[in-house]
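Dear colleague,

I am passing on the structure we spoke about, and below it you will find my notes on what turned up in it. Please read them with the model open beside you.

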Amino acid sequence: MNAHAEQGHIAASPSTESRGAIGKFFDTLIGTIFIVLLAAGLIALTSTWRSSDLLFEGSGRVLVTRTSWWGLQREVTVLEASQIDGWTIIEKNGDRLPMRSQSMRLPE
């Protein structure tokens, strides 16, 4: 019975030559550089990703929400129609800036 078991047994192949310390170091170094480059590429691609949402509220008020980095950075601008100044930007501290005196950035 022992002879029968040996026929079905797969002999372990001799292990491949083990690499030296220098070979392992370069493999680790190349792998680390590759991961760093992938992370830098992902950051570079997502750093320019932006979206803008417009929310029209009643009585001539518009909220412009600019979102970047998967929603992690959010900037809200409040615009309001005024009979005296026309469209005005309302800042967080309550200051009102007329849009006619502000510069604008057009989308590319």
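Between which two strands does the loop that holds S59 lie? Bearing in mind that this is a predicted model, S59 is placed in the loop that runs between strand 1 (50–57) and strand 2 (61–68). The phi angle of S59 is near 60°, which is a positive value in a residue other than glycine. S59 has a relative accessible area of 72%, and because exposed means over 50%, this residue counts as exposed.

Turning to the sheet, five strands form an open arrangement in the order 1-2-3-4-5, with antiparallel pairing. Strand 1 and strand 5 (96–98) are the edge strands, since each of them pairs on one side only. On average, and with direction ignored, neighbouring strands of this sheet are turned by 25° against each other. Within the sheet, strand 3 and strand 4 (residues 86–90) pair in the antiparallel sense over five bridges, and V78 has I90 in strand 4 as its bridge partner.

The side chain of E80 is joined to that of R61 by a polar contact of 3.2 Å, and to that of R96 by a polar contact of 2.9 Å. Leaving aside residues up to four places away in sequence, E80 touches several others, among them G60, W87, T88 and I90.

Terms used
Residues are numbered from 1 along each chain as its sequence is written. This is a predicted model: local features need pLDDT of at least 70, side-chain atom pairs count only at pLDDT 80 or more; totals for chains, interfaces and linings use all residues. Side-chain values use heavy atoms; hydrogens and water are left out. A polar contact is a pair of N or O atoms within 3.5 Å; within protein, one must be able to donate a hydrogen and the other to accept it, and residues adjacent in sequence count only if both atoms are side-chain atoms. Contact means heavy atoms within 4.5 Å. Helices (H or I, at least four residues) and strands (E, at least two) are DSSP runs, numbered from the N terminus. Buried means under 20% relative accessible area, exposed over 50%, partly exposed in between (1.4 Å probe, protein chains only). Two strands pair if DSSP finds at least two bridges between them. Axes are lines fitted to C-alpha atoms, for helices over the stretch in contact, and angles run from 0 to 180 degrees between N-to-C directions.
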